[in-house]
Structures are given as C-alpha cells and as structure tokens.
Amino acid sequence: MFTQIHYPRNISGETLDQYLDQGWFRMGQMIFTCQFLCFHGELYTAVWMRQDLTDFKFRRGQRKLMNRNARQFNIIIQKAVFDLEKEALYQEHKKRFEGYIAGSLKESLYGESIRDIYDTWEICIYLNDKLIGASFFDLGEDSIASIMGLFDPAYKEYSLGYYSMLLEMEWAQKEGIQFYYPGYVVPGYQRFDYKLRVGQLDYYDIFEKEWYPYSGLGEKELISNILKEKLHGLKQELERSEIHSEVILYPLYDRDLAGYDQENFVKYPMFLSCYHHKSNHRFLLIEYDLYQRVFRLSRARKYEDSLSYLAYIIFEGYDERTSFLEFLIREEVLVETNNISRILDAIHQNANVIRSTGF
C-alpha cells in the first residue's frame, strides 16, 4: 500500500522515533505515510527527508541569518500553547495555500481530538510584544518532527519560516537529539523545496527501507517516473499490435470505502486502460507493480454508487480525458508478467468484457 494511516490512542517518544524512521508524519492526531501525490492533475513522488544532526554545522549564510534575526527578535521555546494570538497568525498564514486547510490552528494540530497525544513544542518569534512567527514540532526520544511554521507575511523579508526551521534544529542539537524530520519534498513541484535549504538531507528509500543522501537520488529513480515510463513504454508496444490504450491517472487509489474489502479496489495511482472509453462500465486495466516489478492485467468494473460527496475534493484540477474519477473494483487478475506476448494474448482473450464506443 502506498498510503497508510494509523490512529494511535497514545504515542511514546520511542514509538514516534520508529514511525519517523520509516517515513511517516503526523497530521492532526493521526500519523500517515504516502508515496504519491497529485497536484493539478499531475502525479508526483513524495520523498521523505531527514537531517542527521550528529556532526551538523550551520553554514555561514545560515549563521548570518540567525545572528541578524536574533538581534531583531525575541525567541521563546516551550510546550505548545494555543491562544488567540497564534490563532490570528494561523488565519493570516493559511491564505497562502490552495485546497483544503483546517479552519483553525487547534483543528490543524488536534484534528477532532480534544487532546494532543504527541509531545508538541513551539517556537515563538516576537518583535517587541508582537507575535510575528511561530513553529510547532513534535519531540521524540532521539528525533524531532517539524510540523508547521507560521509567519506574518508583512515580515517575509526575514525568512521567518526558514529561520524557525533553523531554530528547531539548533534547539534539537543542544538537547542532544540526533535526527530532524522536516516531512517530504516533491521533486518537480517547487512548493516544498524550501526544506532542502536546511542542509545535506537524506531521503527514505521505500524499497530498501534505508536512508540515503538526497543528492544521489536521480529523476529516473522517482517512483512516479518509473510508473510513467513503464506504462508509456507498454502503451507503445500495444499500439504496435493495434491495441488502443490510454495512460490514466487514478486519484482515488488511496481512498477507502467503509464496509468493503479494500484489497479488491485498484490501489495504483496510474494505470493503462485497454480500449478505454469513459462510458465503459468494465475495463481491462494494466498496472505496473513497483515491488514485484511486473505488469498486472486485470478485469475491473466501476463501483456504481454515487460518489458526489467526493467531487469537491477529487474532481478539481483533473482532466476527465486523462483521469478516472470513480472507484474501480478489481474483479480478476488475468496475468502477472513482463512477457509482452502473454499480455497481448490475455488482452485478446478478454476484449469482450469491454463495451466501448468509438473504439
């Protein structure tokens, strides 16, 4: 599974360390991991990052920023406290973001819970008596996870979001903490690139389950690019045999429907659809299994119930010509192989399941 969510009732510092070490992150009171992200109808890879603080030294430019800001502002580091001042800062800060944003700071950090199961701390940046920046991080036994940074846009010249990350790292070093986790970056989507400024970070390899220098991660190794390359390559092979197919983005791959066996739902964010037409009710789908490294041809059908309640979350930004916006249930796996001839034979044998128009 490429997206997993846990809802722990309690979480110790040691347990948080274990989650973070496997590329997980806190949102509200749940903790999750994901490997793919969709933005504006495009598929990207979520790459989980960390900074080893053992021998970390701030660069000259970082020290210059920290020293300059230290002369300007007052800094308080303490257990997180929710108040109207921070709420006002959150309301101003969230205007910068697209899509769904929690209505309040407390909702963002607590979700629907009335208590915080994490050991959450805050860094507050004051200009005289005015709060102009704040960040929140969770404390483990040997790690901290940077959760959220807020700043007053009127003071953006001071790079307060970046500055608060440096302060988190400095505090962690003084406390003898080894690892700093800033969440994920998304290669090719610059919104998260600011995290790369903090140092020589490592990334989590989901196949090896190890951390490696991010500087060594190439574009061809990103799982979204592997998926695209494999599916587009197979599409060319099918076209040579006069089998029409389309590479389809499937943003519902990580959604669940209560009461249904989730193993029967298609769980890849992109697939190849043979003889595809959006009016079809049954499909021949080809997925590329990134773990087994084989193609999987399956018969699938639409889940017929109305999903209009998801439309406001899912449909915006997706092109219906290249994205499939309804749940798909896998009826039967027909073949798993890298042998193109076997794939072609299985497609021909099962083409009668398709009731398309136009192909």
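The report below covers a helix pair, a sheet and the helices lying across that sheet.

## Basis of the description

This is a predicted model, in which local features need pLDDT of at least 70 and side-chain atom pairs count only at pLDDT 80 or more, while totals for chains, interfaces and linings use all residues. Residues are numbered from 1 along each chain as its sequence is written, and side-chain values use heavy atoms, with hydrogens and water left out.

## A pair of packed helices

Helix α2 (residues 60-72) packs with helix α5 (residues 160-174) at an angle of about 100 degrees, their axes being 10 Å apart. That makes α2 roughly perpendicular to α5 (a term for angles of 65 to 115 degrees, where angles run from 0 to 180 degrees between N-to-C directions). In the contact (heavy atoms within 4.5 Å), α2 contributes residues including Leu 65 and Met 66, and α5 contributes residues including Tyr 162 and Leu 166.

## The five-stranded sheet

Five strands (DSSP runs of E, at least two residues) form an open sheet in the order β14-β15-β16-β17-β18, with antiparallel pairing (two strands pair if DSSP finds at least two bridges between them). Both β14 (245-249) and β18 (328-337) stand at the edges with a single partner strand each, so one side of each is left without a neighbour in the sheet.

Within the sheet, β16 (residues 282-289) and β17 (residues 294-302) pair over eight bridges, and Asp 289 stands opposite Val 294 in β17.

## Helices across the sheet

Helix α6 (residues 223-240) lies across β14, β15, β16 and β17, running at about 10 degrees to β15, whereas helix α8 (residues 340-350) lies across β15, β16, β17 and β18, running at about 140 degrees to β18.

Technical notes:
Helix = DSSP H or I, 4+ residues; strand = E, 2+ residues; numbered from the N terminus. Parallel < 35°, antiparallel > 145°, perpendicular 65-115°, else oblique.
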